[in-house]
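This report describes one protein model, with attention to its salt bridges, its strand pairing and its surface charge. The sequence and structure come first.

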Amino acid sequence: MSKGREWLNRRLSSRGYRVVRTFNPNFFETILMRFLERHGRKLEFIQIGANDGRRFDPLHEFAVSPNFELSGLAVEPVPRFFKALQRVYRNQPNIKPVNAAIHNEVKEATLYVVGEAYESRVPEWALGTASFNKNHVIKPQVPESYVEAIQVPCMPLGELMRQEGIAQIDLLQIDTEGYDGEIIRSIDFETVRPAMIHFEHGMADGVMSRAEFDDLISLFNKHGYQVLPENYDAVAFLPHEIG
């Protein structure tokens, strides 16, 4: 059993619950709910790869619920998805959509995405696979001829935070189809310490190698985080922030 699962079991056992292995664990939602309960149901976040604000979005229901107060940035580089994102959050003044990609090194990059003309010919999950790496988009259900290359503006995470006047956040949500690790390694954990970082490892599909995932766990542990892996994602969290 991982250290993160052991910690969660200890916390939940006092309330009559325990963590067990399932085919589709969702530790992130449990951790998120614990944080919200402990912090007055408020949360400040940055979401990288927000897509349309609904599609496979782990934050959407929390963001639009009247029971919680979420504020932050929803970052999405694909123009047509960004327009949908703006519509989703048009009545949420504390959530600001940002039309850009997060990249550590360049101001503009080529992003690969299923072309709009082919949306009806692919599974819905394929519309959430925009990536700097073309090979992450091409699948048996998504032939190369369906993939479009677009140029998108980019900035590092640190620059985005400075630009928006953000010093700290509670949650960093990342889904970039292969670039998650680069963003995590760019964080200066001495100055920026999100209580939670939810990211995609995608090891089943080769999005991230096991060696890279293990290196990220070591990085997180070095800075006081525990990590709970899910089937395709993982959540790193600071135990003292969850309670």
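Asp-52 counts as buried, at 12% relative accessibility. Buried stands for under 20% relative accessible area, exposed for over 50% and partly exposed for what lies in between, with a 1.4 Å probe and protein chains only. Areas of this kind are computed by the Shrake-Rupley method, and for residues only the protein chains shown count as cover.

This is a predicted model: local features need pLDDT of at least 70, side-chain atom pairs count only at pLDDT 80 or more, and totals for chains, interfaces and linings use all residues. Residues are numbered from 1 along each chain as its sequence is written, and side-chain values use heavy atoms, with hydrogens and water left out.

The side chain of Asp-52 forms a salt bridge with that of Arg-55, at 3.5 Å from N to O. The term requires a side-chain nitrogen of Lys or Arg within 4 Å of a carboxyl oxygen of Asp or Glu. Arg-55 is buried as well, at 15% relative accessibility.

## Other salt bridges

The structure holds 10 salt bridges. One of them joins Lys-107 to Glu-159, with the closest N and O atoms 2.8 Å apart. This pair links distant parts of the chain: Lys-107 lies in the loop between E4 and E5, and Glu-159 in helix H5 (residues 157-163), 52 residues apart. Lys-107 is exposed at 57% relative accessibility, while Glu-159 is partly exposed at 24%. Helices (H or I, at least four residues) and strands (E, at least two) are DSSP runs, numbered from the N terminus.

Arg-185 and Glu-182 form another salt bridge, the closest N and O atoms being 3.0 Å apart. Both residues belong to helix H6 (residues 180-185), where they are three residues apart, about one turn of the helix. Arg-185 is partly exposed, with a relative accessible area of 39%, and Glu-182 is partly exposed at 34%. Elsewhere, salt bridges that share partners connect Asp-52, Arg-55 and Glu-124 in one network.

## The sheet

Three strands form an open sheet in the order E4-E6-E5, with mixed pairing. E4 and E5 are the edge strands, each pairing on one side only. Two strands pair if DSSP finds at least two bridges between them.

Strand E4 (residues 101-102) runs parallel to strand E6 (residues 147-155), and two bridges join them. Ala-101 is opposite Cys-154 of E6, and Ile-102 has Met-155 of E6 as its bridge partner. Strand E5 (residues 108-114) runs antiparallel to E6, with seven bridges between the two. Leu-111 stands opposite Ile-150 in E6.

## Positive surface patch

Which residues gather in a patch of positive charge on the surface? They are Arg-54, Lys-83, Arg-87 and Arg-90. Patches are built from residues with over 30% relative accessible area and no salt bridge; like charges are joined within 9 Å, and nonpolar side chains (Val, Leu, Ile, Met, Phe, Trp, Tyr) within 5 Å. Lys and Arg count as positive and Asp and Glu as negative, while His and the chain ends are not counted. The place of a charge is NZ of Lys, CZ of Arg, CG of Asp or CD of Glu.

Arg-87 belongs to helix H4 (residues 79-88). Arg-87 is exposed, with a relative accessible area of 52%.

How values were computed
Areas by Shrake-Rupley, 256 points an atom, 1.4 Å probe, with all protein chains shown as cover.
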